[in-house]
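This briefing goes through one protein model by topic. Please read it with the sequence and the structure at hand.

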Amino acid sequence: MMPGFWKRSSLRRKRIITVAVFLLLWQVATGVGLLTHLSQQDANSINQEIDQERAAASVENIFGHNLILCLATFVPIGGPIFGFFSSYSSGVVIVAQSMSPQAQGLPPWLLLLLYFLIPIYWLENISMSVGLAESVWLIRRT
């Protein structure tokens, strides 16, 4: 049974609520990634990959990468699975970054909170949440 407010809500409000729920779930999946234990060797490997990506980074590469990730979240059934794995992986990368010498021993959760201050973090997460929400709406409509 659906709660009364859901039945009375407009389609627009339902979509906004769905996006907000997925934004919260996206943050939870990233938080679960923060709980992952990494060996120093695994953290160094991840950080080396990140450094290689930074060296080759350009606006086109970053935009293309984020576009492909976001479009993948729209796929019914597989999109949410892929999306939440991507969010979890982001948490693991934050753990690896916290283990780098540049982080100077900052805990992973504090690094995540610092990411909250960057506007692009919110733009990416909201975009992914819209993709996940629309995936669910596509499943519901078919």
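The model is a predicted one. It has 7 helices and 0 strands. Buried residues account for 33% of its 142 residues.

**Overall build**

- Read from the N terminus, the elements follow the order α-α-α-α-α-α-α.
- The C-alpha trace spans about 55 × 30 × 25 Å along the principal axes.
- Of the contacts between residues at least 6 apart in sequence, 77% join residues at least 24 apart.

**Salt bridges**

- The whole structure holds 2 salt bridges.
- One of them joins Glu134 to Arg15, with 2.7 Å between the closest N and O atoms. This pair links distant parts of the chain, since Glu134 belongs to helix H7 (residues 119–141) and Arg15 to helix H2, 119 residues apart.
- Glu134 has a relative accessible area of 22% and is therefore partly exposed. Arg15, at 26%, is also partly exposed.
- Arg54 and Asp51 form a salt bridge through their side chains, at 3.5 Å from N to O.
- Arg54 counts as exposed because its relative accessibility is 54%, and the cut-off for exposed is over 50%. Asp51, with a relative accessible area of 47%, is partly exposed.

**Thr18 in helix H2**

- Thr18 is part of helix H2, which covers residues 11–34.
- Thr18 has a relative accessible area of 11%, and so it is buried, the limit being under 20%.
- Leaving aside residues up to four places away in sequence, Thr18 touches Trp6, Ala133 and Trp137.

**Largest pocket**

- The largest pocket contains about 1300 Å³ of space. It is lined by 30 residues, and those closest to its centre are His65, Asn66, Ser90, Val93 and Glu124.
- At least two lining residues come from each of H2, H3, helix H4 (59–73), helix H5 (78–98) and H7.
- H5 gives the most to this lining, with 8 residues.
- By class, the lining of the largest pocket consists of 16 nonpolar, 10 polar and 4 charged residues.

**Second largest pocket**

- The volume of the second largest pocket is about 310 Å³.
- Its lining is made of 15 residues, and Asn47, Arg54, Gln97, Ser100 and Gln102 lie nearest its centre. Arg54 is also a partner in the salt bridge with Asp51.
- H3 and helix H6 (108–115) each provide at least two residues of the lining of the second largest pocket.
- H3 gives the most here, with 6 residues.
- The lining of the second largest pocket divides into 7 nonpolar, 6 polar and 2 charged residues.

Definitions and conventions
Residues are numbered from 1 along each chain as its sequence is written. This is a predicted model: local features need pLDDT of at least 70, side-chain atom pairs count only at pLDDT 80 or more; totals for chains, interfaces and linings use all residues. Side-chain values use heavy atoms; hydrogens and water are left out. Helices (H or I, at least four residues) and strands (E, at least two) are DSSP runs, numbered from the N terminus. Buried means under 20% relative accessible area, exposed over 50%, partly exposed in between (1.4 Å probe, protein chains only). Contact means heavy atoms within 4.5 Å. A salt bridge is a side-chain nitrogen of Lys or Arg within 4 Å of a carboxyl oxygen of Asp or Glu. On a 1 Å grid over the protein atoms alone, a cavity is a set of points where a 1.4 Å probe fits but cannot get out, and a pocket is an open set with protein on both sides within 12 Å along at least five of seven lines; lining residues have an atom within 4 Å of a point. Grid points are joined across faces, edges and corners, and a volume is the space filled by probe spheres set on the points. Ala, Val, Leu, Ile, Met, Phe, Trp, Tyr, Cys and Pro count as nonpolar, Asp, Glu, Lys and Arg as charged, and the others, Gly among them, as polar.
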